[in-house]
Every structure is written in structure tokens, then in C-alpha cells.
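Keep the 3D view open as you read.

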Amino acid sequence: MRIFTKALIKVAAPMPDLDSFQRYLFVGPHPDDIEVGVGATAAKLCRMGKEVEFLIVTDGRYGSDTADYDKEELIEIRKQETLKSAEIIGAKKVIFLTYDDGGDYSETDIKNDILKEIVEFKADVVFTPDPLLKTECHSDHLKVGRATSTAFMFSGIAGVPKDKFGLEAYAAKALAYYYTEIPNVRYKVKKQDVETQIKALQQFPSQFKVVDNMDQMKMISAYIRFRALRAGFWRFKGRAEELRVVPNSRMHCFAEKVK
Ligand SMILES: [Zn+2]
């Protein structure tokens, strides 16, 4: 019976082809999360001529190994790093919501801001960290993942964006979680996309330094190149990034695994 319902849902609500859309919104809890988690995918979509926007939820004020520093200065440094990186990837716009990094802001407030951007931009696919990652302890990642999920849900419910912002609804077609341990899509990318991702990460010297003779930039680059090959190996795709994709036809109520 379960096999029957699974087959039925697969036919009634097929998985979307991520390449088939026009506008892609990448949501990151902190400056650099998009690049680390899903940068090659963003680079590939830009290379294909798609419209890509980045939305950074927090200001990244605590992105330092020390406690005694000028936080306003670091916020500005990280903002400039993000802008340079987005330019290398090819994102046409970067939005900074500037909530406090690690702060006690309301998940509802960020959900509303993300929802507004989805309908204004008319985002077809929305990327966000997977809040179901079991080892994830950072409240910004958990809150942003959950808030984006809810915003995605309400983007197509006509009355909600109308009542909240006076805007027409625009039903985003798919939600794609990065930083996931339960991927159902291995999105094919090319070596050049991974190299663009690494070049973008090199724009964040405030985050990747040499500490105790350990070059963090070299380490993250090696990890990202290996991760892309490992993900590609699964489907003989060469290189890939792992995503958990939820189409809007299955974002609510169905318990069957989305595959
Ligand atoms: Zn982060």
C-alpha cells in the first residue's frame, strides 16, 4: 500500500528539474554560509544566465576568534567581503537583513522578511540550511532554516502576502536545503563552478586565516573539492552538491519520503 501511495505521489507531484526555472533566492544565516554550503550551485546557475539573489540574515558580528574587537568594524568588513564574493559568483543583488548574529530575534520577524523577498523577487527556488541536520546547534542556522521553510509555504497563499505587505502572492516552486545529511538531489556542477566557489571563499579573509600554522583557507578549499567529488561519485556525475529538495506540491502533510 505504501509503495502504491509513494508511486502515486511521484506521478502527481514529480520532483522539479532545478535547472528549469529563472529566479533563485539563496538565504544564508551569516556572510559566507551560501558560499560554503552551496556556492558551486549558485555559480553554475549564474553561469547559465539565471537571476540569482543572496539574502544574508544576520550581521556576522561574532565571526571572530577573540572577544575584544570592534564589532561594527567587523560587520562592515564582512559586508564588503560578501559583496566581493557575490560579484565573483555573479549574484545580481545581495540583501542584508542585519539581525544580530546569535541574537534573540524572533523567528517570525525573519520569516516575514524572507517571505516578502520571495514574493517581491518572484523566487522560483529558495535555498536555505537544513534545520533537520542533527548536529546543527547554531540557533541562527536552525531559525533561518525553519523561517525560510515557513516563508516558502506562505509565498503561494494569496491572502498572506496581501494582508502583510500588500503584495501579490508568488508560489515558489521548490525549497532546496543545503548543509543537509539527508540529500535527495545531487545537483551536478562543473569543476569551474567549484573553482568559482573557492575563489568566492577567498574573499573572506576575516573568516579563513592561518591559526597555529593551520591554513584554514587551504583546508576549506580541500574539503570543498573533495565534497564535490564525493557527491558526484554517487551518480557518476563528476562533481555535485548535495541538496534536500522539497517541491511545493509536497511541502505540507505528506509523510512519504520526497525522492
Ligand atoms: Zn553560519
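This is a predicted model: local features need pLDDT of at least 70, side-chain atom pairs count only at pLDDT 80 or more; totals for chains, interfaces and linings use all residues.

Start with the seven strands, which form an open sheet with mixed pairing, in the order S3-S2-S1-S4-S5-S9-S6. Strand S3 (93-99) and S6 sit at the edges with a single partner strand each, so one side of each has no neighbour in the sheet. From one strand to the next, the twist averages 25°.

Two of the pairings are worth a look. Strands S1 (residues 23-28) and S2 (residues 51-58) run parallel and are joined by six bridges. Pick Val-27 and you'll find its bridge partner in S2, Leu-55.

Which residues of S6 are on its covered face? They are Val-185, Tyr-187 and Val-189, while Arg-186 and Lys-188 make up the uncovered face.

Helix H5 (residues 139-154) lies across S1, S2, strand S4 (125-129) and strand S5 (174-178), and it runs at about 155° to S4. Over by S6 and S9, helix H8 (residues 216-234) lies across both strands, at about 65° to S9.

**The core**

The largest nonpolar core has 59 residues, and the ones with the most contacts inside it are Phe-26, Ala-42, Ile-118, Val-126 and Ala-176. Helix H2 (residues 33-47) gives the most to this core, with eight residues. Leaving out residues up to four places away in sequence, Phe-26 touches Ile-34, Val-38, Ala-42, Val-52, Phe-54 and Phe-127. As a rule, nonpolar side chains tend to be buried together in soluble globular proteins.

**Helix against helix**

Helix H7 (residues 191-201) packs against H2 and also against helix H3 (residues 71-89).

| Helix pair | Angle | Axis distance |
|---|---|---|
| H2 and H7 | roughly 125° | within 8 Å |
| H3 and H7 | about 165° | 8 Å |

H2 and H7 are therefore oblique to each other, and H2 passes H7 in a right-handed crossing. The H2 side of the contact is made by Glu-35, Val-36, Gly-39, Ala-40, Ala-43, Lys-44 and Arg-47, and the H7 side by Asp-193, Val-194, Thr-196, Gln-197, Ala-200 and Leu-201.

H3 and H7, on the other hand, are roughly antiparallel, because angles over 145 degrees count as such. Their crossing is right-handed. Here Ser-85, Ile-88 and Ile-89 of H3 meet Thr-196, Lys-199 and Ala-200 of H7.

Most residues other than glycine have a negative phi. Asp-32, in the loop between S1 and H2, has a positive phi near 95°. Is Asp-32 buried or exposed? Asp-32 is buried, because 25 other C-beta atoms lie within 10 Å and the cut-off is 20 or more.

Lys-122, in the loop between helix H4 (107-121) and S4, also has a positive phi, about 60°. With 15 C-beta neighbours inside 10 Å, Lys-122 counts as partly exposed.

How values were computed:
Residues are numbered from 1 along each chain as its sequence is written. A residue is buried if 20 or more other C-beta atoms lie within 10 Å of its own, exposed if 12 or fewer, and partly exposed in between; C-beta atoms are placed from the backbone. Helices (H or I, at least four residues) and strands (E, at least two) are DSSP runs, numbered from the N terminus. A nonpolar core is a set of buried Ala, Val, Leu, Ile, Met, Phe, Trp, Tyr and Cys residues joined through C-beta atoms within 7 Å. Two residues are in contact if their C-beta atoms, placed from the backbone, lie within 7 Å. Axes are lines fitted to C-alpha atoms, for helices over the stretch in contact, and angles run from 0 to 180 degrees between N-to-C directions. Angles under 35 degrees count as roughly parallel, over 145 as roughly antiparallel, 65 to 115 as roughly perpendicular and the rest as oblique. A crossing is left-handed if the near helix is turned anticlockwise from the far one by less than a right angle, and right-handed if clockwise. Two strands pair if DSSP finds at least two bridges between them.
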